[in-house]
Amino acid sequence: MPLTPHPLLHPLAPTASLGHYLTPTPTGFTLHMSASPRNLHAARGLTAHALRGAGAGPDLVDAAQLVLSELYSNAVRACGDYVPLVAEVEAARAGVWVRLHDPDRHRRPHRTPGAQLDDAEAESGRGLPLVDLLAPGWDVVTTPVGKQMRCLLPRDLDGVG
């Protein structure tokens, strides 16, 4: 019997299974999921597939995957494994929107002034400075069921300006 690949790794189509629900959009997707390594891997794959299909170049695709991973990791640190998350990735005229919703409206990420990306001794703390670099002006909004981090990665990350 052949192995069945994870449904999220296939081209975008509405799917539902234990731990996730995918809704394709014209320029990206919305993914409801429980936080797990498998679902993070799938969300990164969906991000690449959707953005390449929308004409984004490799640098912008890589940056969007990196930002999504960082937001995901922060949500898991704040809320725990298997927390329900909603990831949205959307190609737009100005760039790529990456949004991640989690249920804890009280724990919010904070910018750390003076954080260094090139500190060889640091074991953590590089994530949000990296998000600052790739998506300047990111913000966090409170929602009726938690909070959402919103990041716009400018299209000029691909040198298209």
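User: What are the ground rules for reading the model?

Analyst: This is a predicted model, in which local features need pLDDT of at least 70 and side-chain atom pairs count only at pLDDT 80 or more, while totals for chains, interfaces and linings use all residues. Residues are numbered from 1 along each chain as its sequence is written, and side-chain values use heavy atoms, with hydrogens and water left out.

User: What makes up the secondary structure of the protein?

Analyst: The protein has 3 helices and 7 strands, in the sequence pattern β-β-β-α-α-β-β-α-β-β. Helices (H or I, at least four residues) and strands (E, at least two) are DSSP runs, numbered from the N terminus.

User: Why is Gln 65 called buried?

Analyst: Buried means under 20% relative accessible area, exposed over 50%, and partly exposed in between (1.4 Å probe, protein chains only). Gln 65 has a relative accessible area of 11%, so Gln 65 is buried. Gln 65 lies in helix α2 (residues 58–79).

User: Which residues does Gln 65 contact, leaving aside its neighbours within four places in sequence?

Analyst: They are Arg 44, Gly 45, Thr 47 and Ala 48. Contact means heavy atoms within 4.5 Å.

User: Cys 79 and Cys 151: what are they called, and why?

Analyst: Cys 79 has a relative accessible area of 27%, which falls between the two cut-offs, so Cys 79 is partly exposed. Cys 151 is at 0%, under the 20% cut-off, and therefore counts as buried.

User: How many disulfides does the rule give?

Analyst: The count is 0. A disulfide is a pair of cysteine sulfur atoms within 2.5 Å.

User: How do you know that strands β6 and β7 pair?

Analyst: Two strands pair if DSSP finds at least two bridges between them. Strand β6 (residues 139–143) and strand β7 (residues 146–154) are joined by 5 bridges, so they pair, and they run antiparallel. Val 140 has Met 149 in β7 as its bridge partner. A hairpin through 2 residues joins β6 to β7.

User: Which residues of helix α3 are buried, and what do they pack against?

Analyst: In helix α3 (residues 127–134), the buried residues are Gly 127, Leu 128, Pro 129, Val 131 and Leu 134. They pack against α2 and β7.

User: What share of the protein is buried?

Analyst: Buried residues make up 43% of the 161 residues. Of the contacts with a separation of 6 or more, 58% come from residues 24 or more positions apart.
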